[in-house]
Amino acid sequence: MTAEKYKYISVILPLAIPKVYTYRVPKENWKNIQFGLRVEVPLRNKLYSAIIIEEVDAPDSLVKPRSVRSFIDKKPIITKEQLSLWQWMSQYYMSTLGEVMNVALPTGLKLNSETKLISQSHIDNYKDELTDKEYILAEAISIQNELTINQVQDIIEQKTVYPIIKSLLEKNILYIKEELKEKFKPKKEDFIKLTSQYAAKGELLHTAMDLIKRSEKQTNALLSYVQLSKQQEWIPKSDIYNMAKVDNSVIKALVKKGIFEIEEKEVSRISQTPITSTNTPPLNEHQSIAITEIREQFQNKDQVLLFGVTGSGKTRIYIDLIKETIAEGKQVLYLLPEIALTTQIVDRLRSVFEGDIGVYHSKMSNNQRVELWNAAMQGKSLFLGARSSLFLPYTNLGLIIIDEEHDPSFKQSDPAPRYHGRDTAIYLAKLHEAKTLLGTATPSLETYLNAKNEKYGLVKLLERHGQAVLPEIKIVDLKEQYKKGLMQSFLSKDLKDAIDNALVKGEQILIFQNRRGYSPTLQCHVCDYHAECPNCDLSLTVHNYFNELRCHYCGFRSKLPSECPGCGFHELKKLGFGTEKIEDELRAIFPDAVTKRMDYDTAKTKNAYQSILSRFKSHKIDILVGTQMVTKGLDFDNISVVGVLVADKILFFPDFKANERAFQLFTQVAGRAGRKDKKGKVIIQTYNPQHPVIIETQKYAYAAFYRREMKERKNFLYPPFYRLINITIKHKDPKVAAHAAQIMSKELQSKLGKRVMGPSTPGIARLRGFYLQQIFIKMEKKPSVINQIKKYLQTIKDQIMSMDGKKSVRIIVDIDP
């Protein structure tokens, strides 16, 4: 009897649960059963939107499956390839399918009964378009400001509410509350054109010239407009500033005289942007050879590494490959390590591909992300994004470009799945039978080994574009500089002189220090008090601008004390220096120069970041101080000096990849100098001038670095010759964490022997209130061995989590840390 009344479906819920759930579907909804649709289902007294993965037989179970409440969609919101990707990630990175789904879907597509809804539009405008229940719900939310889905059920007196909510979301009457927190303000720019009086007849421009002939600046501004307007009518005001070297007062004067009119336009992040169109320059000889080799390699290989020095014009090659793939009717994903740091690439691609590009990343509003999700499903041809763009529902993917493939930002740290964007992209391409191009000036050792072993194709581009040459790198020994009394603050004589010379010539300077804030430590010299975080075993960083002490790990903040909390002494020392202190000191040393910094504090939002870059591009900033942000995405022709203040902190970071990261970082930051026809100068200050990484960086000796580093990795059984799993055990009681770690280590060692290292207390023993223990597993690169170890590890993890007194222990497994 039951079999006739119901069919059964397996669904994925966006929760960290280790299995899929089965629900029953009543006969009236059988026609709706389809892979990839969202359904409203109950679980543990809550409602969730789950995704159907298949129809199944009636379960042989004493527990009767619960019924699906409603079908939310009429068409699938995911593809079969997406599900295959989720399943691979779940298995490979040892996470649940629900955790992958939770990371993959935009918030707007995963409602639950605690989701808060708020009204955004005046409902009277939509009265005729709404059903009675839609109108009642919209009116209730507009009166009460916000409601949960549980409250919605009570108001409209029915349990099935998701289809109604979906309809109101699509009509932009309701919004999910989380969405508004994340929402960007629309990006707006002032655009200029000639007033109708002068635009209608070109000969009247002579009259306009006569009106302004006494002002050289106004004449330059008008001539700049005439030149730029050959390609489009409306010109961004900033383009005229840059070309004519004028400011807003000049534009205002031309508006007052009736020559220019200004209109503020919203610059969309999704569709076409009204930016100056540029003709794509022809490929140079080296680029032409490289692109021919890439095409040839793609005949036999699915992955190709493009090893091109900084400034060699890799992006120009990408553009031609994108055009070719789109011409074949296929989709392209251009993957970047950090979307906020790649404004120039976004603008450059948009100038070539106009409106046919979707920019997707986790900091966009949920409405934008859902729009782009739907666009991918409908076959939009070009997407550019950070690692989250891997989860879009591509229907015909032909090419993935992984730019700066070496960048550590491609690795997700929290939450699960802790996946690597580069490796996941390669698997995604495999599912679609697409090609993958990995581009970088400093290949990761794993990627270069794959190229050397001919698993990947390899194409080299070792000449800078045009007249540009690689900058000269000078190493300065800080010990000698301090001995001879040549240091001025944290600047060696060489770096100080180089900055002076650059400023005299009107050139720009980039200063790199990988630590933000004013000082990393606040100390009392009387009682040895140190300002420490109450939640982490770390010193609090001084932020003078905010008059605060801050923890960069858990976000704790407190006011900067005026006297020592330990002994009351009134002189507290700020030890060390971060970007904020460097900015202050440089302003004192070079008072006539404009000095700014670019770090997480000053460039927290995309608009703030763009503002700093825009000012730097238009030469309104002479010296730019920054963290890793300044090593990526900057392509300015006027940077002649790059300074690395202290190389040693990066070199001696306790991580087996420290040397690799250091070489990549120094080479990338050096690559910002001398990008056009001027030879740049890079000065690296260090206490260890004979360190092999420093010497290899100076000589641009990637091959020597690769040979030496690979030899060390092989000797000490590290990747890429072995695989690693890092297990972190966390608890608020240090004894419980240590005991759980001991049990886990003993169980693992009984089966895996010397492959297991630990447990040990990490360098930072407590984070965000949790005490930490670590265990490492080193594994041979044999898939059968790796899979067996993962299964055994999961069994041990489940056993510990079920023990008395250990249920609140958190065990985090990180594959390929």
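This is a predicted model: local features need pLDDT of at least 70, side-chain atom pairs count only at pLDDT 80 or more; totals for chains, interfaces and linings use all residues.
Local features are given where pLDDT is at least 70 and side-chain atom pairs where it is 80 or more, while totals for chains, interfaces and linings use all residues. Residues are numbered from 1 along each chain as its sequence is written, and side-chain values use heavy atoms, with hydrogens and water left out.

A cavity is a set of points, on a 1 Å grid over the protein atoms alone, where a 1.4 Å probe fits but cannot get out. By this rule there is one cavity of 30 Å³ or more. The volume of the largest cavity is about 40 Å³, a volume being the space filled by probe spheres set on the points, which are joined across faces, edges and corners. Its lining (residues with an atom within 4 Å of a point) consists of T79, E81, Q82, L85, L390, F391, L392, P393, Y394, L428 and H432. Seven of these residues are nonpolar, three polar and one charged; Ala, Val, Leu, Ile, Met, Phe, Trp, Tyr, Cys and Pro count as nonpolar, Asp, Glu, Lys and Arg as charged, and the others, Gly among them, as polar.

Two helices, α2 (80–92) and α17 (421–432), each give two or more residues to this lining. Helices are DSSP runs of H or I with at least four residues, numbered from the N terminus. The largest share, three residues, comes from α2.

These two helices also pack against each other, at an angle of about 140 degrees and with axes 10 Å apart. Axes are lines fitted to C-alpha atoms over the stretch in contact, and angles run from 0 to 180 degrees between N-to-C directions. The helices α2 and α17 are therefore oblique to each other, the class left once angles under 35 degrees (roughly parallel), over 145 (roughly antiparallel) and 65 to 115 (roughly perpendicular) are set aside. The crossing of α2 with α17 is right-handed, meaning that the near helix is turned clockwise from the far one by less than a right angle. In contact (heavy atoms within 4.5 Å) are E81, S84, L85, W88 and M89 of α2 with D423, T424, Y427, L428, L431 and H432 of α17. Six of these residues are nonpolar, three polar and two charged.

A second pair is formed by α13 (residues 285–300) and α14 (residues 314–327), which pack at about 45 degrees with axes 10 Å apart. That angle makes α13 oblique to α14. The crossing is right-handed. Helix α13 contributes Q287, A290, I291, I294 and R295 to the contact, and α14 contributes R316, I317, D320, L321 and E324. By class, this contact holds five nonpolar, one polar and four charged residues.

Key:
On a 1 Å grid over the protein atoms alone, a cavity is a set of points where a 1.4 Å probe fits but cannot get out, and a pocket is an open set with protein on both sides within 12 Å along at least five of seven lines; lining residues have an atom within 4 Å of a point.
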